[in-house]
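This report sets out the architecture of a single protein chain.

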Amino acid sequence: MLSLSDTGNGISDDVLPHVFEPFFTTKSVGQGTGLGLATVYGIVKQSGGHIEVESKVGKGTTFRVFLPLVEELSPSPNGREQQMAARGHETILLVEDEDGVRRMTRMIFERNGYTVLEASNGLEGIAVAEAYSGTLHLLVTDLVMPSLSGREIADRLAARKPGLRILFMSGYTEDVIVQQGVASASADFIQKPFSIGALTQKVREVLDRS
């Protein structure tokens, strides 16, 4: 069990039952997506665990994450099973509003031979794409962001950049994203967190598809 507590303002009784719901937020429009705790909930559940929250207004909040005990370590993956980084030379537009994730993803792409253009939101991404005079091969975008969603960015750029390939990424589960109508079930998608090998292999899969 992992316990995390703070001494902040706490969460009111009317808000507390909804904190793990996708797209629920108490922030103003454009300041939050409501997927932060929903993402945590999804990751914990996928790992076979459970998460609970306890809060008192004026006294702070405690989250407890329960994870199953592992009695034996899984065998180390052999060379064939372990996904290795796949290199390329194409130009990628990366749109991601989380600075840390964007920097890490850009570093992965550049170290594997790609040219990377980056943007921290959808409007900036569209402007960067329109200002670029070369061939833009792939859009890699987070699905849920303020102002414009990844789906809206993809729709606008696909109309202006014929042949542009698109890869969506998100920290929430694929099924919930589809249910929310953000992406179609046939869209290329990679779930966060991802390994270097998984990301670069997925990019090559999308780019090499005839």
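Predicted model: local features only at pLDDT ≥ 70, side-chain atom pairs only at ≥ 80, totals over all residues.

A residue is called buried when its relative accessible area is under 20%. At 8% relative accessibility, Glu90 therefore counts as buried.

## Overall composition

The secondary structure comprises six helices and eight strands. In sequence order, the pattern is β-α-β-β-β-α-β-α-β-α-β-α-β-α. Of the 210 residues in the chain, 40% are buried. The accessible surface of the chain is about 12300 Å², and carbon and sulfur atoms hold 51% of that area. Among contacts with a separation of 6 or more, 62% join residues 24 or more positions apart.

Four bridges link β1 to β3 (residues 60–66) in the antiparallel sense, and Leu2 has Val65 in β3 as its bridge partner.

After α1 comes Gly48, which has a positive phi near 80°.

## The five-stranded sheet

A further open sheet contains five strands in the order β5-β4-β6-β7-β8, with parallel pairing. Its edges are β5 and β8 (189–191), each with a single partner strand, so one side of each is left without a neighbour in the sheet. Neighbouring strands of this sheet are turned by 20° against each other on average, direction ignored. The table lists two of the strand pairings.

| Strand pair | Sense | Bridges | Residues opposite each other |
|---|---|---|---|
| β4 and β5 | parallel | five | Thr91 and Thr115 |
| β6 (138–142) and β7 | parallel | five | Asp142 and Met169 |

Five of the five residues of β4 are buried, so β4 is largely enclosed by the rest of the structure. Thr91, Leu93 and Val95 point one way from β4, while Ile92 and Leu94 point the other way.

α2 lies across β4, β5 and β6 and runs at about 165° to β5. α4 lies across β4, β6 and β7, with an angle of about 160° to β6.

In soluble globular proteins, nonpolar side chains tend to be buried together. The largest nonpolar core has 22 residues, and those with the most contacts inside it are Leu93, Val95, Leu136, Leu139, Ile153, Leu157 and Phe168. At least two core residues come from each of β4 (91–95), β5 (115–119), α3 (122–131), α4 (150–160) and β7 (165–170). The most is given by α4, with three residues. A second, separate core has 16 residues, including Leu167, Met169, Ile190 and Leu207.

Beyond its neighbours within four places in sequence, Val95 is in contact with Ala119, Asn121, Gly122, Gly125, Leu139, Val140, Thr141, Asp142, Met145, Ile153 and Met169.

What does the side chain of Glu90 meet in a polar contact? Glu90 is found in the loop between β3 and β4, and a polar contact of 3.0 Å joins its side chain to that of Arg204. Apart from residues up to four places away in sequence, Glu90 touches Tyr114, Thr115, His137, Arg204 and Leu207. Of these, Leu207 is also one of the residues in the second core.

Glu96 lies in the loop between β4 and α2 (99–111). Glu96 has a relative accessible area of 0% and is therefore buried. The side chain of Glu96 makes a polar contact of 2.7 Å with the side chain of Lys192. Leaving aside neighbours within four places in sequence, the contacts of Glu96 are Val101, Arg102, Ala119, Ser120, Asp142, Met145, Met169 and Lys192. Among them, Asp142 and Met169 stand opposite each other in the pairing of β6 with β7.

Terms used:
Residues numbered from 1 in each chain as written. Heavy atoms only, no water. Core = buried A, V, L, I, M, F, W, Y, C linked by side-chain atoms within 4.5 Å. Buried < 20%, exposed > 50% of the residue type's maximum accessible area, 1.4 Å probe, protein only. Contact = heavy atoms within 4.5 Å. Polar contact = N/O pair within 3.5 Å; in protein donor to acceptor, adjacent residues only side chain to side chain. Pairing = 2+ DSSP bridges. Areas by Shrake-Rupley, 256 points an atom, 1.4 Å probe, with all protein chains shown as cover. Axes fitted to C-alpha atoms, helices over the stretch in contact; angles between N-to-C directions.
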